[in-house]
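Subject: Structure handover and notes

Hello,

Please find the structure below, passed on for your use. My notes on what was found in it follow directly after.

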Protein chains: 2
Amino acid sequence: MPSTTSSGPSLREISRDAVRARITEVALDLFAEHGFDQVTVDQIAAAAGMSGRTFHRYFPAKEDVVVGEPERWGEFVRDAFAARPDDEPVWDSLRASFEAFIGFLEQDGRVQRGKVAMRILVSTASLRARNLEKHQLWGRMLLPLVAARLPDDDTALRAEIIVQAAFACLDVTFTTWANVDDDTTLSELLERSFTMLQPTT
Amino acid sequence: MPSTTSSGPSLREISRDAVRARITEVALDLFAEHGFDQVTVDQIAAAAGMSGRTFHRYFPAKEDVVVGEPERWGEFVRDAFAARPDDEPVWDSLRASFEAFIGFLEQDGRVQRGKVAMRILVSTASLRARNLEKHQLWGRMLLPLVAARLPDDDTALRAEIIVQAAFACLDVTFTTWANVDDDTTLSELLERSFTMLQPTT
DNA sequence: GCTTTGCGTGTCAGAGACTGACAGATATGG
DNA sequence: CCATATCTGTCAGTCTCTGACACGCAAAGC
């Protein structure tokens with residue numbers, strides 16, 4: 001147990017995060033060069049100086065290296081949504097929450113790396129699958145909040161549709177952003193996507 | 001090669017389809033009882049009286065038993081969309097195309113079995129993944145047709161959003177239908193879903 | 001009728017992603 | 001220095017999926 005003097009992450013956690021980051025760095029390079037499916041776990045592990053077994057102790061599945069930790073970002077988005085005013089239309093609240101998410105990514109400086117990762121993601125079936133699971137998770141986290149803000153009847157189906165449509169917008173945003181070479185902004189694409197769709201009130 | 005007297009499916013194809021149907025039948029029973037992940041390919045093969053290797057000659061992947069042949073249905077939907085009048089709003093055309101698809105399924109009497117299959121599908125990650133690939137495929141087939149019907153600018157992004165949103169509606173439709181015990185109709189749910197969302201014209 | 005050809009099938013071997021069990025190494029705290 | 005917890009590698013095993021080979025059977029050609 002860590003001493004009570006510091007309430008921050010323990011030494012072990014720092015070390016663990018550092019190793020995870022290193023693995024991610026090495027793996028993304030390999031994926032970018034040879035393609036996700038052409039790189040084996042053992043190759044990544046060797047490049048990172050460890051055994052394949054140890055790789056799986058840091059990432060349960062090979063896909064997790066690219067997708068990251070959906071849980072953390074899901075909480076971020078959920079909290080952002082919860083912080084929105086109650087009288088705002090849900091569609092706008094969702095857009096604002098995704099906007100905050102994107103803003104966080106950009107500020108963190110992961111955008112360049114993010115574009116590489118996203119290009120790998122959208123071009124690999126098993127990674128798209130993992131991404132879908134992220135949507136499902138986020139959906140389960142957002143659904144009750146969205147449903148609570150909807151007027152009277154049919155809230156279950158309405159909320160489901162709205163959330164899924166929002167994810168579709170987010171997906172299209174990231175996909176087109178990854179496939180384009182100019183400097184089009186994620187925020188810009190997100191706004192355009194959300195504007196093209198409107199839930200009937 | 002078959003003699004020219006009959007232009008129908010060859011004997012081999014009939015036999016192949018029959019075997020495929022038999023495997024599907026046996027496998028769905030096993031999946032429904034034990035869950036998709038708990039049933040091995042060898043178990044299905046044994047229950048169908050063949051080796052595991054032969055199973056894979058009929059279905060490249062275990063998931064294909066549940067998902068079926070996306071290509072065929074994709075063509076069906078694409079043709080249905082192409083047959084719609086040019087001046088109809090794309091959103092309505094998409095709804096009509098999905099309606100036709102659903103109608104075909106219901107007429108074929110696969111609805112009961114379909115509900116079982118759908119329950120297995122929505123509760124298994126790898127099957128949801130395969131279903132997503134189906135969406136991607138259908139999307140690639142529909143996208144050019146949809147884009148061609150859209151007014152002037154930004155057709156690429158607009159088409160992408162509209163198609164993805166339509167798939168979201170279709171997905172929610174099947175998912176809620178599978179999870180509900182009453183007699184709510186697929187068409188009914190589809191209509192409600194599509195009505196809740198409107199692309200801005 | 002016999003052969004040739006094509007096709008379906010089983011067996012075998014192997015890659016690749018994981019997972020559990022065990023044992024040694026390392027570092028953390030007293 | 002020791003006791004503890006954690007990390008790590010090795011090994012073995014499961015499961016999906018693929019390629020290669022050989023066997024059997026049935027239709028087609030002579």
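Of the 201 residues of chain A, 43% count as buried. The model is a predicted one. Chain A holds 10 helices and 1 strand, and the order along the sequence is α-α-α-α-α-α-α-α-α-α-β. The C-alpha trace of chain A spans about 55 × 50 × 30 Å along its principal axes. Taking contacts in chain A between residues at least 6 apart in sequence, 70% join residues at least 24 apart.

Two packed helices are described by the angle between their axes and the distance between the axes. The notes below follow that scheme.

Helix H6 (residues 90-107) of chain A packs with helix H10 (residues 186-196) of chain A at an angle of about 165 degrees, and their axes lie 10 Å apart. Angles over 145 degrees count as roughly antiparallel, so H6(A) and H10(A) are roughly antiparallel to each other. The crossing of H6(A) past H10(A) is right-handed. On the H6(A) side the contact is made by Trp91(A), Leu94(A), Arg95(A), Phe98(A), Glu99(A), Ile102(A) and Glu106(A). On the H10(A) side, Leu186(A), Ser187(A), Leu190(A), Glu191(A) and Phe194(A) take part. By class, the residues in the contact of H6(A) with H10(A) are 7 nonpolar, 1 polar and 4 charged.

H6(A) also meets helix H9 (residues 155-179) of chain A, where the axes come within 11 Å and cross at roughly 35 degrees. The crossing of H6(A) and H9(A) is right-handed. H6(A) contributes Val90(A), Trp91(A), Leu94(A), Phe98(A), Phe101(A), Ile102(A) and Leu105(A) to this contact. H9(A) contributes Ile162(A), Ala165(A), Ala166(A), Phe167(A), Cys169(A), Leu170(A) and Phe174(A). The contact of H6(A) with H9(A) has 14 nonpolar residues, with no polar and no charged ones.

Trp138 of chain A

Trp138(A) sits in helix H8 (residues 125-149) of chain A. Is Trp138(A) buried or exposed? Its relative accessible area is 2%, so Trp138(A) is buried. Leaving aside residues up to four places away in sequence, Trp138(A) touches Pro70(A), Trp73(A), Gly74(A), Val77(A), Phe101(A), Phe167(A) and Leu170(A). Of these, Phe101(A) is listed in the H6(A) side of the contact with H9(A), and Phe167(A) and Leu170(A) in the H9(A) side. The side chain of Trp138(A) also reaches the backbone oxygen of Pro70(A) at 3.1 Å. Trp138(A) and Val39(A), 99 residues apart in sequence, are 29 Å apart in space, C-alpha to C-alpha.

Chain B and Ser193

In chain B, the axes of helix H9 (residues 155-179) and H10(B) come within 9 Å and cross at roughly 140 degrees. H9(B) and H10(B) are therefore oblique to each other, and their crossing is right-handed. Ala166(B), Cys169(B), Leu170(B), Thr173(B), Phe174(B), Thr176(B) and Trp177(B) of H9(B) meet Leu186(B), Leu189(B), Leu190(B), Ser193(B) and Phe194(B) of H10(B). The residues of this contact divide into 9 nonpolar, 3 polar and no charged.

Ser193(B) lies in helix H10 (residues 186-196) of chain B. With 0% relative accessibility, Ser193(B) counts as buried. What does Ser193(B) touch, not counting residues up to four places away in sequence? Ser193(B) touches Leu157(A) and Ile161(A) from chain A, and Cys169(B) and Thr173(B) from chain B.

Regards

Methods
Residues numbered from 1 in each chain as written. Chains lettered and ligands numbered in written order. Predicted model: local features only at pLDDT ≥ 70, side-chain atom pairs only at ≥ 80, totals over all residues. Heavy atoms only, no water. Axes fitted to C-alpha atoms, helices over the stretch in contact; angles between N-to-C directions. Helix = DSSP H or I, 4+ residues; strand = E, 2+ residues; numbered from the N terminus. Parallel < 35°, antiparallel > 145°, perpendicular 65-115°, else oblique. Left-handed = near helix turned anticlockwise from the far one by under 90°. Contact = heavy atoms within 4.5 Å. Nonpolar A, V, L, I, M, F, W, Y, C, P; charged D, E, K, R; others polar. Buried < 20%, exposed > 50% of the residue type's maximum accessible area, 1.4 Å probe, protein only. Polar contact = N/O pair within 3.5 Å; in protein donor to acceptor, adjacent residues only side chain to side chain.
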